[in-house]
Amino acid sequence: MSTALPPRPARRRSAKRAAGRTGQYLALVCYLVFLGFPLLWLLSTAFKSPQELGSVDPTWLPVHPTLENFRSALDQQPLVRSALNSLIVASVAAVVSVTVAVPAAYVMVRFRSMVTKVGTGWILVSQMFPFVLIIIPLFLVLKNVHLIDSLPGLIIVYVVWNLPFALWMLQGYVKAVPASLEEAAAMDGASRLRALRSVVLPLLMPGLVATLMFSFVTAWNEFFFALVLLKSPEKQTMSVILTHFLGAEGAADLGPLAAASVLATVPSLLFFAFLQRRLVGGMMSGAVKG
Amino acid sequence: MRRRTFLGGAAGAAASATLLTACGGSGDDSGRPTLDFLSLAWQKESVAANKALVAAWNRERPDVRVRYVQGSWNNVHDQLLTSFEGGAAPDIIHDEANDLTDFGYGGDLADLSGLIPADLKKRIPATAWGTATFNGGVYGVPFLQEPRVLIANRTVLDKAGIRLPTVERPWTWDRFEDVAKELTHHRRGTDSRYGVAWAMKEPVNQTVNMSLSTGGKIVHRDGDRTEIRFDAADSAVAELIRRQVKSDRTAPSSGLGMGGGDTLPGFFAGHYAMVPLGFSYRQQVEQQAPDGFDWVTLPMPVGAKAPDGGLAQGVSPQTLSVSRSCAHKKAAVEFIAFMTRTQDLVRLARGDWLVPTGSAALRDPHITTDKDGWSTGVDVAGHLTASPALGVRGYPEWMDKIATPALQQYYNGAIGLGELRGKLVRDGNRIFDRYRG
């Protein structure tokens, strides 16, 4: 006599699956609301009048929306120029970091030796250095090579600052690419460089894009190096300019600050929107090759 | 006004670094030297006034050009420390007297004693010069100052039939406590109101400066020696604040964690009848108050038996200094003199909603007007004196490590007066002993 349980009715299974999916969607919505709330609040604040900003009962949406904060922010500070500076610095720093990090990560994964082990350890250790430890020596070094108060100087700093983490991120992606694919390419007569270019790089595309995004965001948001290293008003970046809306003892020109912050997120969002497509494209390309 | 941040410790590490020559000033194509002016102006009118003055100077003085560089109050100390250590500091520096001590003692700022033109010297009274004088030198030109005032809901006070104080007839602290009690009522719902809201996010400077009104000082100096005392006169205002929050419940405990601006929404909504704030907060009140909201600026209460009738109030003015490495110090001081001419000083003061230091500027009709409480500031200005904290080495460390946490604990009831006194005095004096000599 068989002791096997009778198969579950299909309806119950599908109801359970639907409930699971609903739960997933619910969690996703909660997460999105959690992530999006500060941005929505910032957006709402940017359009509020001073009276609404000073109200003890905050409103979700501006009752009398005004563009005055944007006008005032653009009037008071060189936001467009500073956004352009940030864009140049962050984009170049991100591209250079990733360009340098890709071959380095490849070598560290594929050519394991004592040197690469020590190098990997050093990457971890270097992430522990606080800004305070390096800013003054860095300032002196850049001064000696006449790179204080210059965007290239800041880009170099950001590349150096981003590189360890970029390298660390990319190492993981390189490890995920099976070495057998390269061996197969070698069997077909491809050189190591060719295999790297034609086989590994396409598979690495999602990792490259993710690292590029990370490096861009780090440089875009960075404040302290930019504050200390850039002196000329026409060279200052967005993160520095935003602090000009703050006064002593925590006083703030809240409306224009919110408006300027909204404007500051636009280039970053566009960059992400552009790269996100590449991220998906890269994944697809990896799937085909794999 | 501001707390030192994480770069303080780096200064020592960098002390051995090669001090590079040359100041931040450079030259333009015509060979005319350029001086960098780091300005911390942040309000629209103030930035405009500063920029206009720089432009006027550049028009009038073809021999020396000044470049306007925007800075920020929140990080000026770290920015200056790094640039001083790196030998690339701005030539003319806008800062606060409280922040000059380390830089003055460290040899980063020029001693202006022999450089200040006679008319500038005369324009500003000796008490104000005293705020930037230490270590045998003058390290900044004090030009704007911010007294603490009471901003009050006039409608509420009028309804309660309370006589408004003036500088000639101020409230005593006792009277202030009574008024706060009269104005407080705890009811269900939204009709509840506190007499006063103490914004004590940064409690130390407030407590030290207000202690003068009861004849205290907290930070006592005798030559090179600094000593913390917290006797009855020193602690009277601190005790009153704690009493209002914990015993009388005439001040909300939620206010203790607030910055000045955070109290304004509750003030506008009628949750607090009075808020003790810096003079410049009037701008936010004027901008953000709902239509019909009637407010008034009042002098702070006084200690009945204190010297100066208890009107004395410690301040740490905004200053203009010159970097020691500046190659054109004379021109830099001339620029400062140019910036602080009476009519310009008035414009800068109005832009920042602060009180000018200049005697003539204080008589300007734009400053003496009753509108928006300006005249109260002028009346109070006669009693402003250097904050006991000014020129004291080790004060920032004492403030950050000892006084801020101790006062916060005391105000919210976590420790008593005896324990507070022990922390401030015993632990504090250990810090100041390290700075002696």
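The model is predicted, with local features requiring pLDDT of at least 70 and side-chain atom pairs counted only at pLDDT 80 or more, whereas totals for chains, interfaces and linings use all residues. Residues are numbered from 1 along each chain as its sequence is written, chains are lettered from A and ligands numbered from 1 in the order in which they are written, and side-chain values use heavy atoms, with hydrogens and water left out.

Across the whole structure, 7 cavities of 30 Å³ or more were found. A cavity is a set of points, on a 1 Å grid over the protein atoms alone, where a 1.4 Å probe fits but cannot get out; lining residues have an atom within 4 Å of a point. Grid points are joined across faces, edges and corners, and a volume is the space filled by probe spheres set on the points.

The volume of the largest cavity is about 260 Å³. Its lining comprises 18 residues, with A:Glu249, B:Glu146, B:Arg148, B:Asn209 and B:Gly314 closest to the centre. Two or more lining residues come from each of H9 and strand E14 (313–315) of chain B, and H9(B) supplies the largest share, 4 residues. Helices (H or I, at least four residues) and strands (E, at least two) are DSSP runs numbered from the N terminus. The lining of the largest cavity divides into 5 nonpolar, 9 polar and 4 charged residues. In this classification Ala, Val, Leu, Ile, Met, Phe, Trp, Tyr, Cys and Pro are nonpolar, Asp, Glu, Lys and Arg are charged, and the others, Gly among them, are polar. At least three residues of this lining come from each of domain 1 (9–146 + 317–359) and domain 2 (148–314 + 392–435) of chain B, the bounds being taken from an automatic or database domain assignment.

The second largest cavity holds about 200 Å³ of space. Among its 15 lining residues, A:Ala248, A:Ala251, B:Trp42, B:Glu146 and B:Ser280 lie nearest the centre. H12(B) contributes the most to this lining, with 3 residues, and the classes are 7 nonpolar, 5 polar and 3 charged. Domain 1 and domain 2 of chain B each provide at least three residues of the lining of the second largest cavity.

The second largest pocket has a volume of about 580 Å³. A pocket is an open set of points with protein on both sides within 12 Å along at least five of seven lines. Of the 30 residues lining the second largest pocket, A:Glu249, A:Gly250, B:Gly259, B:Gly260 and B:Gly261 are closest to its centre. Helices H9 (203–210), H12 (281–288) and H17 (395–411) of chain B each give two or more residues to this lining, the largest share being the 4 residues of H9(B). By class, the pocket lining has 13 nonpolar, 10 polar and 7 charged residues.

Axes are lines fitted to C-alpha atoms, for helices over the stretch in contact, and angles run from 0 to 180 degrees between N-to-C directions. In chain A, the axes of H8 (residues 179–187) and H9 (residues 192–221) come within 10 Å and cross at roughly 140 degrees; H8(A) and H9(A) are therefore oblique to each other. Angles under 35 degrees count as roughly parallel, over 145 as roughly antiparallel, 65 to 115 as roughly perpendicular and the rest as oblique.
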